[in-house]
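User: Can you walk me through this model? I'd like the local contacts and the packing.

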Amino acid sequence: MLHINDLTYRIGERLIIDQATVALPTGAHVGLVGRNGAGKTTLLKTIGGFMRPTNGTVQFKGQRIEGLPLENVARMGIRYVYQDKRVFGELTVRENLELAAYATGQTTDEAVAKVVAIHPKMGALLNAKAKGLSGGERQILLLGRALVGDPQLLLVDEPTEGLAAIVIGEIVDILLNMKSRITMAVVEQNLSTVARLADRLYVMKEGTFSREITDKETIENPSAYEEEL
C-alpha cells in the first residue's frame, strides 16, 4: 500500500530523515520506535502531507504523493492523528465531528456513529465542549474524527502519551479493534503498548530505519530491542 524510497528531509544543515526506505503492506499494523529526535514524527508528517521531503519518494497505492497539498493526501485516504491531542476546544464534540464530516462529504450522523462505535461512552459527551474533555477522551475523539470518510491508512503519533494506565488500555483496545479494517503506522514510546499493537516493528535511529522486526514473538519481548533505542 505504502512505499517510501530514499526519503530525506533537511532543515538547513540538519538532517532529520536520512534516505529512509520502507514498505507498508495493506492491513499491517506497524510500530515506529526510537529515541526522541530519531525522525519518527517527521516521517509521519511527511507521509501525511504536512511536510515536503528534500529528496525521495512516497507512493500510496502506486501513486506518488510527496509534496501534494495536505487536503489532497487526506482525500486519497490518509489521516494523521496529532500527538498533542489537538481538538477544537471551543466547539462541542458533535461540532468537531461535523467539521470532519463536512470535509469528507459524510453526514454528521455518520461521523458521530464512527466515534460512538469505537467508544460508546462518547455518546454522552456529544454536547460537551471539547476543551473540557479528559486527555483520553480527546484522544478517542481524535481517533473517531480520523475515521470519518473511511480512510485506508491511519498515522497515529504517540497515542498514549501523558495518559493514565487504565486509559492507555482503552486506547490500545480501540486500536486493536481496528485491525483488519485499516492499515496503521503508530509512533509510540511505550514499548509494552507497541508489543500489543504492532505486527511489524521498525526501529528508527538518526533518521533512518536501523532494524525491521516482523516476528511477533520478538516484538512482544521489548528486551530484545530496547537497548537499540
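Analyst: Below we go through a few residues, the cores and a helix pair. Keep in mind that this is a predicted model.

User: Start with Glu188. Where does Glu188 lie?
Analyst: Glu188 lies in the loop between strand S8 (183-187) and helix H7 (191-197).

User: Is Glu188 buried or exposed?
Analyst: Buried. Its relative accessible area is 2%, and the cut-off for buried is under 20%.

User: Which residues does Glu188 touch?
Analyst: Leaving out residues up to four places away in sequence, Glu188 touches Leu32, Val33, Glu158, Pro159, Thr160, Thr193 and Val194.

User: What polar contact joins the side chains of Glu188 and Thr160?
Analyst: One of 2.9 Å. Also, a polar atom of the Glu188 side chain lies 3.0 Å from the backbone nitrogen of Asn190.

User: Now Glu212. Where is Glu212, and is it buried, exposed or partly exposed?
Analyst: Glu212 sits in strand S10 (residues 208-213). It counts as partly exposed, at 42% relative accessibility.

User: Which residues does Glu212 touch?
Analyst: Arg200, Leu201 and Tyr202, not counting residues up to four places away in sequence. Side-chain polar contacts join Glu212 to Arg200 at 3.0 Å and to Tyr202 at 3.1 Å.

User: How many residues apart along the chain are Glu212 and Val22?
Analyst: They are 190 residues apart along the chain, yet their C-alpha atoms are separated by 9.3 Å.

User: On to the cores. Which residues touch the most other members in the largest nonpolar core?
Analyst: That core has 34 residues, and Leu97, Leu141, Leu143, Leu154, Met178 and Met184 touch the most other members.

User: Which elements give two or more residues to this core?
Analyst: Helix H3 (93-104), helix H4 (108-118), helix H5 (135-147), strand S7 (153-157), helix H6 (165-177) and S8. H5 gives the most, with 6 residues.

User: What does Met184 touch?
Analyst: Ala28, His29, Val30, Leu153, Leu154, Val156, Leu175 and Met178, with residues up to four places away in sequence not counted. There is also a second, separate core of 32 residues, which includes Ile17, Val58, Ile78 and Ala185.

User: Helix packing next. At what angle do H3 and H4 pack?
Analyst: About 115 degrees, with their axes 8 Å apart. H3 passes H4 in a right-handed crossing.

User: Which residues make the contact?
Analyst: From H3, they are Arg94, Leu97, Glu98 and Ala101. From H4, they are Thr108, Asp109, Ala111, Val112 and Val115. The residues of this contact divide into 5 nonpolar, 1 polar and 3 charged.

User: What about helix H1? Why is it largely enclosed by the rest of the structure?
Analyst: Because 6 of the 8 residues of H1 (residues 40-47) are buried. The buried residues are Lys40, Thr42, Leu43, Leu44, Thr46 and Ile47.

User: What follows H1?
Analyst: Gly49, and its phi is positive, near 95 degrees.

User: Which residues other than glycine have a positive phi?
Analyst: Among them are Gln19, with phi near 50 degrees, and Lys61, with phi of about 50 degrees. Gln19 is in strand S2 (residues 14-24). Lys61 is in the loop between strand S4 (55-60) and strand S5 (63-64). For background, most residues other than glycine have a negative phi.

User: Last one, Val73. Where is Val73 found, and is it buried or exposed?
Analyst: Val73 is found in helix H2 (residues 70-75). At 0% relative accessibility, Val73 counts as buried.

User: Which residues does Val73 touch?
Analyst: Ile47, Gly48, Gly49, Ile65, Leu68 and Ile78, not counting residues up to four places away in sequence. Ile47 is one of the buried residues of H1. From Leu141, Val73 is 68 residues apart in sequence and 21 Å apart in space, C-alpha to C-alpha.

Key:
Residues are numbered from 1 along each chain as its sequence is written. This is a predicted model: local features need pLDDT of at least 70, side-chain atom pairs count only at pLDDT 80 or more; totals for chains, interfaces and linings use all residues. Side-chain values use heavy atoms; hydrogens and water are left out. Helices (H or I, at least four residues) and strands (E, at least two) are DSSP runs, numbered from the N terminus. Buried means under 20% relative accessible area, exposed over 50%, partly exposed in between (1.4 Å probe, protein chains only). Contact means heavy atoms within 4.5 Å. A polar contact is a pair of N or O atoms within 3.5 Å; within protein, one must be able to donate a hydrogen and the other to accept it, and residues adjacent in sequence count only if both atoms are side-chain atoms. A nonpolar core is a set of buried Ala, Val, Leu, Ile, Met, Phe, Trp, Tyr and Cys residues joined through side-chain atoms within 4.5 Å. Axes are lines fitted to C-alpha atoms, for helices over the stretch in contact, and angles run from 0 to 180 degrees between N-to-C directions. A crossing is left-handed if the near helix is turned anticlockwise from the far one by less than a right angle, and right-handed if clockwise. Ala, Val, Leu, Ile, Met, Phe, Trp, Tyr, Cys and Pro count as nonpolar, Asp, Glu, Lys and Arg as charged, and the others, Gly among them, as polar.
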